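Reader: Could you walk me through this model, and tell me how you know what you say about it?
Author: Gladly! Let us look at it together.

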Amino acid sequence: MLRPAKESRTFKQMQQKLLDIQKVTIPALGLGTYKLTGKEGAREIQRALLLGYRHIDTAEMYGNEGDVGDAIKASGINRNNIFITTKVWPSNFSKNKFIPCVEESLRKLKIDTLDLLLLHWPADDDTNKLAAGFLNDCLYKQYTKLVGVSNFSLTQLMQAQKIAPVCCNQVEYSPYNNNKQLLQYMQQQGLMLTAYSPLARGEVLREPIIKKLAAKYQRSGAQIVLRWLLQQDKVAAIPKAGTEKHSLQNLQVFDFDLSENDMQQVFALAQK
């Protein structure tokens with residue numbers, strides 16, 4: 001049985017990099033919870049919270065919102081100190097399903113208000129416009145503080161922005177897959193890019209340059225890649241971690257900086 005946390009540090013002290021997006025404070029490093037389900041999943045999420053994570057990412061499609069809610073409650077950490085994101089799956093982008101789906105997510109998470117609500121994947125253009133309108137309804141109902149999209153192309157993102165105050169696009173983003181055009185646009189707009197699969201499912205850790213930089217900075221390869229991500233403006237990352245050791249290592253990336261030359265060497269992996 002894990003012990004509830006006794007919070008001796010404030011929210012701002014828990015994370016060394018915080019993003020200010022639409023006047024909301026967001027920890028740049030979060031925990032991705034895909035496949036963390038059931039009692040074991042809840043235990044891993046609770047463990048991460050006790051280690052210091054204050055940004056938890058889930059989704060209706062993951063089937064673990066209830067487990068996330070259980071973990072948050074069991075952690076003993078003040079709800080206001082945890083940034084919670086969930087997502088609506090495209091099959092619920094309809095008038096009769098969207099709002100009930102969000103209400104069910106809130107019930108499972110055992111909270112009154114989300115910090116961030118995302119459209120999980122794009123549908124066709126007309127359906128995307130409809131769903132973006134429902135994001136406005138959720139803001140009006142105070143079901144969420146912020147709204148955004150996930151896996152949207154630049155064109156789809158710009159379309160959604162015309163309808164709702166989108167603040168985020170959660171996309172697959174790693175040294176192999178750094179969409180400069182999308183990132184530059186989002187940075188110019190003051191939007192947050194949240195990177196999932198930031199380690200390219202572990203493949204990037206085999207790269208010689210990552211191994212070389214890990215030796216240079218006396219860090220793990222994963223820490224080098226996460227530092228590369230979090231050193232970029234308006235970028236957040238939500239890696240998964242299979243062990244307590246890796247969860248803790250992922251948090252320990254705020255006490256060093258990569259040189260500009262080393263940053264560019266990692267960027268160059270996208271050209272391979």
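**Sheet and helix**

Author: In this predicted model, Leu193 stands opposite Val235 in β10.

Reader: What makes β9 and β10 a pair?

Author: A pair needs at least two bridges. β9 and β10 are joined by three bridges, in the parallel sense, so they count as a pair under that cut-off.

Reader: In what order do the strands of the open sheet come?

Author: The order is β3-β4-β5-β6-β7-β8-β9-β10, eight strands with parallel pairing.

Reader: Why is one side of β3 and of β10 left without a neighbour in the sheet?

Author: β3 (31–32) and β10 stand at the edges with a single partner strand each, so one side of each has no neighbour in the sheet. Helix α6 packs on the sheet, where it touches β7 (144–150) and β8. The direction of α6 makes about 160 degrees with that of β8.

Reader: Which residues of α7 are called buried?

Author: In α7 (residues 180–189) they are Leu182, Leu183, Tyr185 and Met186; the word means under 20% relative accessible area.

Reader: How do you know that the buried residues line one face of α7?

Author: Looking down the axis of α7, they fall within an arc of 165 degrees, so they line one face of the helix. Gln181 and Gln188, on the other side of α7, are exposed, and for that word the area must be over 50%.

Reader: What do the buried residues of α7 pack against?

Author: Their partners are α6 (154–161), β8 (166–172), β9 (192–196) and β10 (235–237).

Reader: And what follows α7?

Author: Gly190 does, with a positive phi near 75 degrees.

Methods: Residues are numbered from 1 along each chain as its sequence is written. This is a predicted model: local features need pLDDT of at least 70, side-chain atom pairs count only at pLDDT 80 or more; totals for chains, interfaces and linings use all residues. Side-chain values use heavy atoms; hydrogens and water are left out. Buried means under 20% relative accessible area, exposed over 50%, partly exposed in between (1.4 Å probe, protein chains only). Helices (H or I, at least four residues) and strands (E, at least two) are DSSP runs, numbered from the N terminus. The arc is that of the directions from the helix axis to the C-beta atoms. Contact means heavy atoms within 4.5 Å. Axes are lines fitted to C-alpha atoms, for helices over the stretch in contact, and angles run from 0 to 180 degrees between N-to-C directions.
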